[in-house]
Amino acid sequence: RRWNSGRDSRHRGGAQTSSSLSRERERKRNREAECGGKTKVKKKKRKKRVEQFLERARGGVGLSGRMWLSAILAGLLLVVRLSRSEILTPPYFNLAEGKEIVASATCGVDTTGPELYCKLVGANADQDEDINLIQGQVCDYCDPDNPEKRHPPEYAVDGMETWWQSPPLSRGMKYNEVNLTINLGQEFHVAYVYMRMGNSPRPGLWILEKSKDYGKTWSPWQYFSDSANDCLTYFGVDSHKPIIRDDSVICTTEFSKVVPLEGGEIPISILNNRPSAKHYFNSTLLQEWTRATNVRFRFLRTKNLLGHLMSVVRQDPTVTRRYFYSIKDISIGGRCMCNGHADICDIQDPNMPKKLVCRCQHNTCGPQCATCCKGFEQKKWRQSTASKKFTCEPCNCFGHSDECNYDPEIDEKHLSLDIHGNYEGGGICQNCRHNTEGINCNRCKPKFYRPRDKPLNATDVCQPCDCDHFYSTGNCADSTGKCECRKEFTPPDCNSCNYGYFGYPNCRPCECHLQGTDGYHCEATEGYCPCKPNYAGHYCNLCAEGYYNFPECLPCDCNPLGALSDVCDVVSGNCTCKNNYGGRTCNICEDGYFNYPLCTYCNCDARGTQPGICDKSDGVCLCREGYGGIRCDQCIPGYYGYPNCRPCNCSSVGSSTVSCDAAGKCSCLANFAGRTCSQCSPGYYMYPECIACNCESHGSIGVSCDGEGKCQCRENFDGTRCEQCKEGYYNFPTCEGCNCDPAGIVATFQGCGSLPPGELCQCKDRVEGRICNQCKPLYWNLQPYNPDGCEGLNLFEK
């Protein structure tokens with residue numbers, strides 16, 4: 001339990017002895033709780049004690065972070081003990097210790113040399129004499145090349161007296177936003193997160209985030225702010241609103257206070273006060289809420305002293321070097337995800353020493369017990385919960401197979417027999433032995449049969465059929481073993497030819513086509529078969545003239561008004577039509593003609609009409625999409641380019657009308673452009689809103705901006721609209737560099753940002769110029785060692 005280690009001794013002094021006693025008491029309580037679990041105390045009494053304990057942990061605002069952590073851990077352990085009689089759960093432990101941790105920025109890293117920072121805590125008489133004091137501030141350097149001065153991110157989870165530290169804001173205000181990410185390496189259920197600061201206050205504004213897909217996507221676990229207003233402004237969350245769902249994201253203000261200036265603690269419970277906190281294993285939503293593969297601390301703003309606000313805004317380095325993030329300890333309490341099927345998880349592969357694998361029970365398998373083991377797949381796998389326990393069942397293969405697969409369709413149709421004799425589950429047996437097959441290996445393969453009174457689980461349940469005869473398929477009936485007849489022979493005794501065959505025992509197919517013969521005639525007489533009127537050929541296997549579509553041989557029914565004869569195509573049945581007529585039987589007008597039986601020509605433009613050309617009854621032209629007019633010989637509004645009418649596709653948002661000109665150009669509104677008005681005009685962005693960029697003319701290059709509304713700024717300018725000076729430049733809109741002449745500025749000059757707007761450098765008495773680089777009239781020889789800057793005659797000197 002690294003959160004109870006001695007790493008706090010430097011900061012707590014005499015409290016160390018008290019802390020040791022507290023740890024001893026806690027160990028004693030844990031031993032007593034373990035012993036008590038073996039006695040026959042009633043479950044209700046134990047459960048009430050846990051609820052009271054957790055209630056104290058939840059409501060104990062006065063508890064310190066360590067006491068809170070101990071309370072919540074002990075409560076979780078008791079909950080686990082109470083539930084182990086109902087569901088298997090692994091123990092809780094610190095997930096963060098020794099895990100991979102990455103910071104987006106670290107003090108002293110990516111700099112040309114050691115980086116100066118100063119603490120908010122001032123000097124006092126009790127401190128060592130060798131401390132580095134600068135203008136009354138206790139300062140030091142971050143140096144990644146010096147083991148005693150380096151502060152990498154892994155120091156936040158190493159359990160030692162070391163810490164991680166971000167760059168001070170003197171490097172740039174962008175270092176208000178820094179990420180610290182812990183890769184847990186696999187999925188865990190997280191119950192709490194505990195963070196203890198190093199030599200900085202707790203952050204003023206930040207988000208605790210989690211990822212369930214190894215860092216591909218992130219979602220918030222909890223928001224932190226120093227005011228209820230900022231909760232609404234930055235996160236859209238009311239800090240006073242209670243938790244109403246298992247996955248509600250709250251915003252809290254109690255852990256963003258400026259005191260203590262060092263060593264502040266932030267205990268975060270992921271479970272407490274959630275609606276299903278007391279019924280965790282019955283809530284899929286709460287289990288999903290606690291699931292994580294990665295944890296990210298997204299810091300957005302340091303906590304500032306009120307007196308420093310203006311100096312921070314003006315980026316005074318003597319102030320901004322005192323603001324940074326420093327974290328000495330991160331603990332993440334959680335446990336392996338075993339889905340209620342294991343109470344232990346440990347390292348099982350020495351080649352993967354950081355991978356914890358559940359020791360599965362209930363016939364489950366996999367790193368998280370998330371599948372049924374081979375041969376135990378009769379029922380669909382699911383979690384085992386207190387209210388709905390689950391154990392994977394073996395498939396019922398009657399001893400003829402040890403393999404099976406689950407099929408949801410078989411389960412839905414209730415086709416698989418389980419070991420209890422019920423049709424429940426979807427297990428399908430694989431690789432059946434002993435000449436068996438089927439969902440449960442419950443029937444014999446072809447050419448085998450099950451004798452009467454032979455049990456299904458007998459190894460010789462399927463006997464070979466004795467059916468090696470010319471009239472048999474080789475298969476036989478169950479129970480009796482009676483042989484199955486080939487299709488040429490009449491069942492059940494196979495002692496005559498079947499319908500459609502003749503010449504027993506050879507039983508050849510009939511020579512005559514039985515559907516076309518007049519009566520039942522199988523064998524031809526002198527090479528002929530007697531045919532029905534609509535059939536022809538020696539064996540009645542053709543359609544007679546005037547009929548089509550063998551073997552049905554339907555009448556052609558050609559229309560005498562429109563057809564040239566009463567004979568049609570023997571396959572399709574299409575009659576040969578006169579001009580202007582169409583259809584299979586020539587009983588309608590051909591396409592392009594109307595008013596049957598006259599069949600008058602349609603006066604339509606074939607390029608603009610549908611395949612039917614015109615309406616067969618009234619001759620109205622049938623225009624294709626985009627064409628119009630009586631003859632379909634022009635483009636309708638919204639199309640252009642006759643005779644190849646194409647859609648204008650004018651944007652409904654950016655154009656004033658759906659129509660376009662002959663070249664296809666739409667009429668665009670002021671802030672839209674392009675042939676179809678589907679893009680923003682220069683100086684606008686974010687189609688289809690096309691919002692004005694409003695680039696500042698002094699600082700931007702041109703009027704256009706990118707897709708996020710950011711203008712292209714000149715060298716010395718910054719901001720979304722180039723409306724401010726870049727860091728290190730002053731006095732918008734000129735945005736001058738702070739290139740003051742060192743010889744001409746006063747010794748107390750604290751930088752260009754320390755002067756009122758409009759001023760740049762603070763000159764010595766006898767110096768002038770924008771950058772203090774020239775002597776005033778009557779003075780000369782500008783030198784850095786001269787307190788007045790320049791030499792001159794003293795007219796009053798005797």
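This is a predicted model: local features need pLDDT of at least 70, side-chain atom pairs count only at pLDDT 80 or more; totals for chains, interfaces and linings use all residues.
Helix α5 is followed by Gly236, a residue whose phi is positive, near 70 degrees. An α-helix has 3.6 residues a turn, so residues three or four places apart point the same way.

Of its 798 residues, 42% are buried. Among the contacts in the chain with a separation of 6 or more, 47% are between residues 24 or more positions apart. The chain exposes about 43,100 Å², and carbon and sulfur atoms supply 51% of that area.

The mean pLDDT of the protein chain is 86, with 87% of the residues reaching 70 or more. Two stretches call for a more careful reading. Over residues 1-66 the pLDDT is below 50, and this stretch has 89 contacts in the model beyond near neighbours in sequence. Residues 78-85 also have a pLDDT below 50, and for them the model shows 20 contacts beyond near neighbours in sequence.

Which residues touch the most other members of the largest nonpolar core? Within this set of 54 residues, they are Leu208, Phe297, Ile330 and Ile332. Strand β7 (residues 178-197) gives the most to the core, contributing 11 residues. The surroundings of Leu208 can be followed in detail. Not counting residues up to four places away in sequence, Leu208 touches Val193, Pro220, Trp221, Gln222, Phe224, Ile268, Ile270, Val295, Arg296 and Phe297. A second, separate core has 11 residues, including Cys740, Ile745, Cys761 and Cys790. In soluble globular proteins, nonpolar side chains tend to be buried together.

Cysteines deserve a section of their own, as the structure holds 40 disulfides. A disulfide is a covalent bond between the sulfur atoms of two cysteines. Three of these links are described here, beginning with the pair Cys336 and Cys345. The sulfur atoms of Cys336 and Cys345 are 1.9 Å apart, and both residues are buried. Is the disulfide of Cys336 and Cys345 right-handed or left-handed? The torsion about its S-S bond is about 70 degrees, so the disulfide is right-handed.

Another disulfide joins Cys589 to Cys599, with an S to S distance of 2.2 Å. For this pair the torsion about the S-S bond is about -95 degrees, so the disulfide is left-handed. Cys589 lies in strand β35 (residues 588-589), whereas Cys599 is in the loop between β36 (593-594) and β37 (600-601), so the pair ties together parts that are 10 residues apart in sequence. Cys589 counts as buried because its relative accessibility is 4%, and Cys599, with a relative accessible area of 2%, is buried as well.

The link between Cys713 and Cys722 has an S to S distance of 2.1 Å. Its torsion of -95 degrees about the S-S bond makes the link left-handed. Both Cys713 and Cys722 are buried.

Is Cys338 buried or exposed? Its relative accessibility is 2%, so Cys338 counts as buried. Leaving aside neighbours within four places in sequence, Cys338 is in contact with Pro90, Cys345, Cys358, Gln368 and Cys369. Cys345, one of these contacts, is the residue that forms a disulfide with Cys336. The C-alpha atoms of Cys338 and Glu187 are separated by 9.9 Å, although the two residues are 151 residues apart along the chain.

How values were computed
Residues are numbered from 1 along each chain as its sequence is written. Side-chain values use heavy atoms; hydrogens and water are left out. Helices (H or I, at least four residues) and strands (E, at least two) are DSSP runs, numbered from the N terminus. pLDDT is the predictor's confidence in each residue, from 0 to 100. Contact means heavy atoms within 4.5 Å. A nonpolar core is a set of buried Ala, Val, Leu, Ile, Met, Phe, Trp, Tyr and Cys residues joined through side-chain atoms within 4.5 Å. Buried means under 20% relative accessible area, exposed over 50%, partly exposed in between (1.4 Å probe, protein chains only). A disulfide is a pair of cysteine sulfur atoms within 2.5 Å. Accessible areas come from the Shrake-Rupley method with a 1.4 Å probe; for residues, only the protein chains shown count as cover.
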